Amino acid sequence: MFDKILIANRGEIACRVIKTARKMGIKTVAIYSDADKQALHVQMADEAIHIGPPPANQSYIVIDKVMEAIKQTGAQAVHPGYGFLSENSKFAEALADAGVAFVGPPVGAIESMGDKITSKKIAQEADVSTVPGYMGLIEDADEAVKISNEIGYPVMIKASAGGGGKGMRIAWNDEEAREGFQSSKNEAANSFGDDRIFIEKFVTQPRHIEIQVLCDSHGNGIYLGERECSIQRRNQKVVEEAPSPFLDEETRRAMGEQAVSLAKAVGYASAGTVEFIVDGEKNFYFLEMNTRLQVEHPVTELITGVDLVEQMIHVAAGKELGITQEDVKLTGWAIENRLYAEDPYRNFLPSIGRLTRYRPPAETAAYTPGVAPGDAGDVVIRNDTGVYEGGEISMFYDPMIAKLCTWAPSREAAIEAMRTALDSFEVEGIGHNLPFLSAVMDHPKFVSGDMTTAFIAEEYPDGFEGVELPEADLKRIAASCAAMHRVAEIRRTQVSGRMDNHERKVGTDWVVTLQGQTYPVSIDADPGGSTVRFDDGNTIRVTSDWTPGDQLAVVAAGGDPLVMKVGKITHGFTIRSRGAELKVHVRTPRQAELSQLMPEKLPPDTSKLLLCPMPGLIVSVNVEVGDEVQEGQALCSVEAMKMENILRAEKKGVVTKINATAGDSLAVDDVIMEFE
């Protein structure tokens with residue numbers, strides 16, 4: 001077995017590999033760029049080597065720099081994580097030439113399966129059902145349009161060397177095909193150093209279901225069930241679960257056996273994933289094979305009790321699999337939510353900055369891969385992360401900062417555990433998608449398991465605008481906030497020292513306003529809690545150990561648990577619970593009466609400005625001063641966190657001023673251009 005492993009990656013996956021290596025008694029080496037000098041993976045590793053400037057193409061994916069780090073530290077093996085060099089055959093060859101083990105598949109398998117065009121051809125030759133498409137190289141946008149018409153719209157334009165949603169566009173007409181081709185090439189070149197593009201038919205109403213395979217170099221191969229990955233945004237997975245609520249055992253077995261056969265056909269040895277598109281009739285089509293560890297691997301580990309990183313290391317050391325197909329048992333249900341540094345209220349655009357507060361829900365003992373979930377109780381919480389409170393979220397890398405997972409004996413219980421865990425997750429200082437994830441967990445289509453890859457586009461066509469809670473939930477929050485406000489007022493009078501009998505100073509009648517609703521309430525407090533009475537005569541009993549200043553409130557309201565993220569505002573609180581972000585005002589009746597007389601503050605008029613929606617780099621400006629632009633016309637492109645975003649005109653107008661040029665770095669709401 002190896003004594004020392006270098007991890008050619010960063011963030012949460014580097015931390016994840018370090019945990020297993022530590023469990024196995026193997027020392028670890030981290031590599032880091034200037035931007036990651038204080039990163040968590042650097043702190044966790046036994047050694048750390050600096051490899052260059054922040055951009056990945058000047059540090060993490062420069063093979064010579066990684067090889068030099070290996071030479072300096074004497075690492076015997078390299079785990080590439082995912083992304084970066086994980087599916088780069090030249091890197092695997094360089095390691096082989098240096099006598100260093102690659103914790104991944106053989107070079108031939110990477111070349112065969114890692115390239116989407118080649119893998120499609122191999123799958124077709126192996127009689128694997130594939131999606132119709134054009135597998136040859138496409139030279140320019142005109143050819144892309146011609147091929148798209150031959151296949152028939154809609155089509156998927158994809159980077160051959162792509163992954164993680166990078167270099168991928170859906171086109172429904174010639175204009176989108178032409179534009180998507182160029183954007184995909186740009187993203188592919190920047191992210192992978194390979195701008196080859198191919199086009200295939202986009203299957204409508206699909207489900208994205210993938211099979212986890214595990215093979216050794218002795219001819220043994222198994223599959224460890226499937227993962228449902230249909231909740232996607234911009235082709236990037238957001239929510240994953242295992243098993244799929246859609247598959248039956250017969251389809252699962254057929255997909256699993258086909259996946260293993262394909263892996264064996266290319267001499268695969270390591271953990272890998274075969275992705276399929278599955279239609280409503282359970283017909284499945286090979287999509288691609290990822291010759292690496294997947295982001296969503298924790299849900300497979302939770303339902304099988306198999307540590308995939310440990311198995312990869314064993315295989316890389318030349319050992320045979322210690323698991324047979326008969327040993328694989330799927331137990332319970334696991335769900336993963338990806339926490340992204342992005343603003344769901346700004347169409348999920350990236351957010352960067354300092355994590356002024358980062359408090360994940362407490363993990364359970366079974367968070368360690370390899371521990372059977374059932375051994376740790378009825379619910380398991382696991383959070384794979386690469387950040388910490390006070391750390392910086394950089395514009396140079398992927399916006400995912402954590403993967404929150406829950407396991408329970410049933411899907412219903414796993415979803416409920418996830419709801420509570422999301423409400424308990426404290427993040428401040430950056431935009432984040434926690435409210436959106438909570439909304440998905442409560443959405444009827446997700447709860448029923450009736451979803452496709454079009455779920456987000458169909459259910460949130462105008463973007464995410466927050467959650468409107470039903471009245472029953474509003475009343476529970478209103479009652480809880482009223483009781484909390486009373487406690488805060490008692491504390492305030494105690495601190496002021498204005499009178500000894502402070503109880504008389506704090507009234508019992510209050511008016512609570514939230515989500516456009518107003519609830520006059522009265523509070524009957526006792527040592528055990530508060531009984532909050534509404535003007536319709538209904539009461540809610542509230543008990544909690546919350547004290548003023550606590551930013552997380554765990555409350556029993558009406559006998560049911562309620563978890564709220566709490567912030568203080570004048571006469572009340574900001575509350576995040578079950579996807580809703582609320583301003584809850586708790587006022588005396590007289591204060592409530594006077595508040596109705598206050599004028600409403602209007603937002604500034606920005607209709608004649610193009611504002612930068614995210615921190616990023618201007619890639620190109622497509623118009624000049626004096627140009628008349630039409631609604632929907634591309635104005636400029638902004639790149640952030642490895643994604644290129646095209647900003648378009650919202651209405652017809654004339655450009656009067658341009659404040660930015662290609663290469664400029666901009667902050668959120670910086671004015672890019674102005675219109676007449």
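**Close-up views of a predicted model**

**View 1. Helix α3 (residues 63-73) packs its buried residues against β1 (4-7), β2 (27-33), β3 (47-52), β4 (77-79) and α4 (89-97).** Keep in mind that this, like every view here, comes from a predicted model. The buried set in α3 is Ile63, Val66, Met67, Ala69, Ile70 and Thr73. Look down the axis of α3 and these buried residues fall within an arc of 155°, so they line one face of the helix. The spacing makes sense: an α-helix has 3.6 residues a turn, so residues three or four places apart point the same way. Over on the other side of α3, Asp64, Lys71 and Gln72 are exposed. Just past the end of α3 comes Gly74, with a positive phi of about 70°.

**View 2. Helix α11 (residues 308-316) is mostly covered, with seven of its nine residues buried.** Those buried residues are Leu308, Val309, Gln311, Met312, Ile313, His314 and Val315. After α11 comes Gly318, whose phi is positive, near 90°.

**View 3. Glu296 sits in the loop between β14 (284-290) and α10 (297-304).** Is Glu296 buried or exposed? With a relative accessible area of 1%, Glu296 counts as buried, since the cut-off for that label is under 20%. Its side chain makes a polar contact with the side chain of Gln294, at 3.1 Å. Leaving aside residues up to four places away in sequence, Glu296 touches Glu210, Arg227, Cys229, Lys237, Glu240, Glu336 and Arg338.

**View 4. Ser394 lies in the loop between β21 (392-393) and β22 (400-408).** At 18% relative accessible area, Ser394 is buried too, because the label applies under 20%. What lies 3.0 Å from a polar atom of the Ser394 side chain? That would be the backbone nitrogen of Phe396. Setting aside residues up to four places away in sequence, Ser394 touches Ala35, Ile352 and Met641.

**View 5. The second largest pocket holds about 440 Å³ of space.** It is lined by 16 residues, and the closest to its centre are Thr513, His585, Arg587, Ser595 and Met598. Four elements, β24 (509-514), β25 (517-526), β31 (580-587) and α17 (589-595), each supply at least two residues of the lining. Which element gives the largest share of the lining of this second largest pocket? It's β31, with three residues. Sort the lining of this pocket by class and you get three nonpolar, 11 polar and two charged residues.

**View 6. The largest cavity has a volume of about 170 Å³.** Of the 15 residues in its lining, Arg233, Arg234, Glu342, Pro399 and Met643 are the closest to the centre. By class, the lining of the largest cavity has six nonpolar, four polar and five charged residues. How many cavities of 30 Å³ or more does the model have? The count comes to two.

Notes
Residues numbered from 1 in each chain as written. Predicted model: local features only at pLDDT ≥ 70, side-chain atom pairs only at ≥ 80, totals over all residues. Heavy atoms only, no water. Buried < 20%, exposed > 50% of the residue type's maximum accessible area, 1.4 Å probe, protein only. Arc of directions from axis to C-beta. Contact = heavy atoms within 4.5 Å. 1 Å grid on protein atoms, 1.4 Å probe; cavity = no way out; pocket = protein on both sides within 12 Å on 5 of 7 lines; lining within 4 Å. Points joined across faces, edges and corners; volume = space filled by probe spheres on them. Nonpolar A, V, L, I, M, F, W, Y, C, P; charged D, E, K, R; others polar. Polar contact = N/O pair within 3.5 Å; in protein donor to acceptor, adjacent residues only side chain to side chain.
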